[in-house]
Amino acid sequence: MQHIGPQGLLAHIHRTYLPIRGRSLARLTVHKCIICFRSKPLMLQPVMAPLPSVRVTRCRAFENAGVDLCGPINIRSGLRKVTPLKHYIAVFVCMVTRAIHLELVRDLSLDAFISVLFRFIAR
């Protein structure tokens, strides 16, 4: 069956025979096949690095925060013949609780980011 796997092997055998404990026999047969065993190696989980101290110390929400910008998104405002304007979203992430806060940014300039940052701090 060209190393089909336990489910396919059992389906092929069921065409002519009805083996007792067929599923466990098919799984055992595929597990003993060296080619099948090598083609599906066990993946090792990488060891996770220790978390930074900022992430594990208790503090108020958004006392330690990270920021990222995503976009652009097209925003249309108005009633007639409105051209869409390109805007971005500032994502503020709390390091402890992983809560997020979203703010709209009009462009990628420094002035626009500072105004968004001040709006976030004011909240």
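The crossing of helices α1 and α2 is right-handed, a crossing being termed right-handed if the near helix is turned clockwise from the far one by less than a right angle, and left-handed if anticlockwise. The model is a predicted one, in which local features need pLDDT of at least 70 and side-chain atom pairs count only at pLDDT 80 or more, whereas totals for chains, interfaces and linings use all residues. Residues are numbered from 1 along each chain as its sequence is written, and side-chain values use heavy atoms, with hydrogens and water left out. Helices (H or I, at least four residues) and strands (E, at least two) are DSSP runs, numbered from the N terminus.

Helix α1 comprises residues 6–13 and helix α2 residues 22–32; the two pack with their axes 9 Å apart and at an angle of about 125 degrees. Axes are lines fitted to C-alpha atoms, for helices over the stretch in contact, and angles between N-to-C directions run from 0 to 180 degrees. The arrangement of α1 relative to α2 is therefore oblique, the term for angles that are not under 35 degrees (roughly parallel), over 145 (roughly antiparallel) or 65 to 115 (roughly perpendicular). On the α1 side, the contact is made by Pro6, Leu9 and Leu10, and on the α2 side by Gly22, Arg23, Ala26, Arg27, Thr29 and Val30; contact denotes heavy atoms within 4.5 Å. Classified by residue type, the contact of α1 with α2 has five nonpolar, two polar and two charged residues. In this scheme, Ala, Val, Leu, Ile, Met, Phe, Trp, Tyr, Cys and Pro count as nonpolar, Asp, Glu, Lys and Arg as charged, and the others, Gly among them, as polar.

Within helix α1, Leu10 is buried at a relative accessible area of 11%. Buried denotes under 20% relative accessible area, exposed over 50%, and partly exposed the range in between (1.4 Å probe, protein chains only). Apart from its neighbours within four places in sequence, Leu10 is in contact with Pro19, Gly22, Arg23 and Ala26. The C-alpha atoms of Leu10 and Arg27 are separated by 8.8 Å, the two residues being 17 residues apart along the chain. In the segment before α1, Gly5 is likewise buried, with a relative accessible area of 13%. From Gly5 to Ile114, the C-alpha to C-alpha distance is 58 Å, for a sequence separation of 109 residues.

Two aromatic pairs are present in the structure. Rings of Phe, Tyr and Trp (its six-membered ring) pair if their centres lie within 6.5 Å, with planes under 30 degrees apart counted as stacked, over 60 as edge-to-face and the rest as tilted. Phe62 and Phe120 form an edge-to-face pair, 5.5 Å centre to centre and with 80 degrees between the planes. Phe62 lies in the loop between α4 (53–56) and β1 (65–75) and Phe120 in helix α5 (residues 110–122), so this pair ties together parts that are 58 residues apart in sequence. Phe120 is buried, with a relative accessible area of 14%, whereas Phe62 is partly exposed at 25%. The rings of Phe92 and Phe120 are stacked, because their centres are 4.1 Å apart and their planes are at 0 degrees. This pair also links distant parts of the chain, with Phe92 in strand β2 (residues 85–94) and Phe120 in helix α5, 28 residues apart. Both Phe92 and Phe120 are buried. Through these ring pairs, Phe62, Phe92 and Phe120 are linked into a cluster.

Helix α5 also contains Phe113, which is partly exposed, with a relative accessible area of 23%. Phe113 and Val56 are 57 residues apart in sequence, and their C-alpha atoms are 28 Å apart in space.

Backbone geometry is considered last. Most residues other than glycine have a negative phi, and most peptide bonds are trans. Phe62, in the loop between α4 and β1, has a positive phi near 65 degrees and is not a glycine. Arg98, also a residue other than glycine, has a positive phi of about 60 degrees. Arg98 lies in the loop between β2 and β3 (100–105) and is exposed, at 64% relative accessibility. The peptide bond joining Gly71 and Pro72 is cis, with omega about 10 degrees, and Pro72 is placed in strand β1.
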